[in-house]
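The sequence and structure come next.

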Amino acid sequence: MAVKAPKGTKDVLPQDSYKWHYVEDIARELTEEAGYREIRTPVFEHTELFLRGVGDTTDIVQKEMYTFTDKGDRSVTLKPEGTAGVVRAFIEGGLPSNAQPTKMYYLSAPVFRYEKPQSGRLREHHQFGVEVFGAADASIDAEVIGLALAMVKKAGLKKLKLNINSIGCDKCRPQYNETLRAYLKEHEGELCETCKQRMERNPLRVLDCKVESCQKIVAGAPKMIDHLCEECSSHFDDLKKYLEALEIGYTVNPLIVRGLDYYTKTVFEIISDSIGAQGTVCGGGRYDKLLKQIGGPDMPGIGFGMGIERLLLVMESEGIEIPEPSVTDVFVCTHGDAARLKAIRLVRDLREGGIKADMDHCARSIKAQFKYAGKIGVKTVIVLGEEEMEKGTAVLKTMETGEERAVRQDEIKIFLI
Ligand code: ATP
Ligand code: MG
């Protein structure tokens with residue numbers, strides 16, 4: 001039996017890769033216009049990085065990481081999110097001593113999570129993300145959110161919702177956690193087993209629980225947004241002002257806490273109504289303590305991650321057509337060895353002239369070559385038969401009109417390039 005791909009992985013086949021290129025091109029253009037440069041980090045890191053960075057009370061760390069011991073007896077983990085690796089590379093690369101902020105993006109970076117595979121939820125997915133280090137002003141929060149929105153809008157998405165929230169900082173959150181814990185304790189009997197533990201270790205996580213009975217309790221819980229300290233509160237007000245200046249519509253959703261422990265102040269999500277449960281296309285927020293936590297300087301950070309597969313899924317469900325580039329525009333049909341030798345050079349020259357050209361590599365008859373050219377949808381067929389080779393000519397056939405013309409071989413390029 002043939003070996004199958006692991007559950008929760010998805011191939012991008014050659015006939016579909018143009019869709020990825022389409023969104024990748026948009027992402028690269030938008031971020032580079034705004035002064036972001038690409039960063040690439042390894043697919044695996046020391047497990048400790050994610051324990052320290054992502055947080056050991058999160059679902060990601062507790063249930064979803066691909067962790068294994070390598071042959072050198074080190075515990076390594078396949079990236080379960082993009083930010084921690086970027087922070088590590090930033091520190092290790094000595095970038096904190098540069099002029100700040102540092103604006104970075106990553107494109108189609110593989111992310112691994114041991115989740116129950118379903119539509120829009122894979123065990124290996126890919127993210128486009130940005131990270132900005134060294135800027136504390138709410139204007140950068142608005143820029144980052146604006147970039148994420150520009151991306152999904154340029155991709156053609158329509159039914160979008162931007163949810164924002166503030167989850168405070170280490171000045172106001174501990175006190176709020178106590179208030180929330182006290183409330184949850186009163187309703188402990190109605191919470192799911194996991195939330196009973198979450199309530200003790202990290203009560204904010206309960207707000208994110210998908211269990212219905214927990215959601216009912218959460219609806220009446222005190223909200224972080226009502227318990228922000230002066231600094232967080234004015235940061236959030238500033239963010240709203242900047243978003244309004246950019247004419248970006250938003251909803252304040254006090255229940256967004258995000259699935260990673262490192263967030264402080266701003267958190268946000270972009271949700272599409274088009275694909276149901278897995279509709280979160282993008283999630284992000286500010287993480288002002290993360291750099292220090294990972295052993296770097298006390299420097300603020302903000303970023304987002306956007307799932308490429310999910311983005312493509314939403315585009316498909318909204319009927320957004322991605323222009324499909326042609327594979328081959330000119331096909332050279334040959335008969336005889338002399339013609340083949342001429343053709344291989346001609347194909348090379350046409351390609352150098354920017355034309356997508358090809359010839360037969362399967363020893364097909366000239367008739368079968370024609371048929372093949374029709375099948376792959378070429379625009380022009382060039383015929384180099386025995387007769388043409390004797391006369392030094394070629395027949396150019398325009399497939400759409402059926403029009404044929406005989407030209408001199410040394411003039412073929414003039415007609416095409
Ligand atoms: P969700 O609530 O859907 O599980 P998340 O909060 O775990 O999402 P993030 O960690 O913020 O997601 O990741 C950023 C983006 O990556 C998500 O908004 C989504 O588009 C995508 N993503 C996350 N997990 C998966 C997955 N298992 N398969 C495909 N895409 C994913
Ligand atoms: Mg998740």
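Which backbone oxygen lies 2.7 Å from a polar atom of the side chain of Arg173? The backbone oxygen of Tyr263 does; a polar contact is a pair of N or O atoms within 3.5 Å, and within protein one must be able to donate a hydrogen and the other to accept it, while residues adjacent in sequence count only if both atoms are side-chain atoms.

This is a predicted model, in which local features need pLDDT of at least 70 and side-chain atom pairs count only at pLDDT 80 or more, while totals for chains, interfaces and linings use all residues. Residues are numbered from 1 along each chain as its sequence is written, chains are lettered from A and ligands numbered from 1 in the order in which they are written, and side-chain values use heavy atoms, without hydrogens and water.

Arg173 belongs to helix 6 (residues 173-186); helices are DSSP runs of H or I with at least four residues, numbered from the N terminus. With 15% relative accessibility, Arg173 is buried (under 20% relative accessible area, with a 1.4 Å probe and protein chains only). Neighbours within four places in sequence aside, Arg173 contacts Ile167, Gly168, Leu204, Met224, Tyr263 and Thr264 (heavy atoms within 4.5 Å).

Tyr263 is itself buried, at a relative accessible area of 4%, and Tyr262 is buried with a value of 4%. The structure has seven aromatic pairs, meaning rings of Phe, Tyr or Trp (its six-membered ring) with centres within 6.5 Å; planes under 30 degrees apart are stacked, over 60 edge-to-face and the rest tilted. The Tyr262 and Tyr263 ring centres are 4.9 Å apart with planes at 65 degrees, so this pair is edge-to-face. Ring pairs join Phe90, Phe133, Tyr262, Tyr263 and Tyr287 in a cluster.

| Charged residue | Ring | Distance to ring centre |
|---|---|---|
| Arg123 | Tyr114 | 3.9 Å |
| Arg364 | Tyr372 | 4.3 Å |

Helix 11 (residues 308-317) is largely enclosed by the rest of the structure, because seven of its ten residues are buried. These are Ile308, Glu309, Arg310, Leu311, Leu312, Val314 and Met315. Just after helix 11, Gly319 has a positive phi of about 70 degrees.

An automatic or database domain assignment divides the chain into domain 1 (17-172 + 228-317) and domain 2 (330-416). The C-alpha centres of domain 1 and domain 2 are 50 Å apart.

Definitions and conventions: Buried means under 20% relative accessible area, exposed over 50%, partly exposed in between (1.4 Å probe, protein chains only). Helices (H or I, at least four residues) and strands (E, at least two) are DSSP runs, numbered from the N terminus. A charge sits over a ring if NZ of Lys or CZ of Arg is within 6 Å of the ring centre and within 35 degrees of the ring normal.
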